[in-house]
Amino acid sequence: MEIASLIKKANLKIPKENIKFNEPMNKHTSFKVGGVADCYIRINDIQELKQILNFALENKIPFFILGNGSNVLVTDKGVRGIVIQINIKKFEIIDNNNLEKSEDIQIILGAGNKISETAQKLLKENITGFEELAGIPGTIGGAIKMNAGAYKKEIKDILECATVIDYNGNVIKLNNQDLKFEYRKSILFIEKYIVIEAIFNLKKGKSEEIKGKMDEYKKNRIEKQPVEYPSAGSTFKRGNNYITAKLIDEAGLKGYTIGGAQVSEKHAGFIINKGNATAKDILELIEYVKKKVYETSKEKISLEIEIIGEM
């Protein structure tokens, strides 16, 4: 029985408008490419998530967890099974009365909170410590999974703990150490956990200083990164003893194009969609860049983005 029939038969308590079949994934990823997902479900709370996890496991249907789609490349053949988009949102200052007494502030954020929107809310509350991350185009859940970072600050530097759910519906609390953060990596790449919400350690600040920092980082990002084109952010990971974008540049690859995919002329670490790229174009360009960089520097560069879907 196909997924659509099984889901209709299951009578899930999820709003019908949040369940879509044969959904084009180019609508849900920052690369703006990719084929259809058999089923795409937006999840707004933990009960909905438990339902769909149980349904998928019972019916042996594969599933993939998606945040804001800003660090993934979906293949042209699309995704078999269910794409579960986490839209669980929360913004809570713990013990708000403490704001007047202490410099230290803890906030609870939902996994589905967009980082950019969160930064604006923190600015309004005069809370500092998040400014460097404000331009990351993802959600809190995705940022925790990959230990996202910018301007010498990473999620691990401000995260107290995360509440996660395993595929069997068990809710677990993991502290910072439990998450085993590394560069663009955490235990969430290995263990079958999905972030629901997290507590962050921040500080009281002054709005003009917070805004000044955010504006400075935004200006720097616009000047140095190809934000005007669809991409998945930095395509390749930084090396232990080298800057990957520098190696790509030295290999003469800035501006190199395959189909509609291009190595950005502004920042060689970004592969961009010039407007009509396919996932195949991007994948071929990735392999070409890896090959040429190895030829010129003998370094094996690796991906920062995640590739999902049928190859």
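**Basis.** I worked from a predicted model, in which local features need pLDDT of at least 70 and side-chain atom pairs count only at pLDDT 80 or more, while totals for chains, interfaces and linings use all residues. Residues are numbered from 1 along each chain as its sequence is written, and side-chain values use heavy atoms, with hydrogens and water left out.

**Sheet.** I took strands (E, at least two residues) and helices (H or I, at least four) as DSSP runs numbered from the N terminus, and counted two strands as paired if DSSP finds at least two bridges between them. I found an open sheet of 4 strands in the order β1-β2-β5-β3, with mixed pairing. Its edge strands, each pairing on one side only, are β1 (19-24) and β3 (63-66). The parallel strands β3 and β5 (residues 79-86) are joined by 4 bridges, and Ile 65 has Ile 84 in β5 as its bridge partner.

**Helices on the sheet.** With contact meaning heavy atoms within 4.5 Å, and angles running from 0 to 180 degrees between N-to-C directions of axes fitted to C-alpha atoms, for helices over the stretch in contact, I noted that helix α1 (residues 3-10) packs on the sheet, touches β1, β2 (36-43) and β5, and makes about 165 degrees with the direction of β1. Helix α2 (residues 46-58) also packs on the sheet, touching β2, β3 and β5, and its direction makes about 165 degrees with that of β5.
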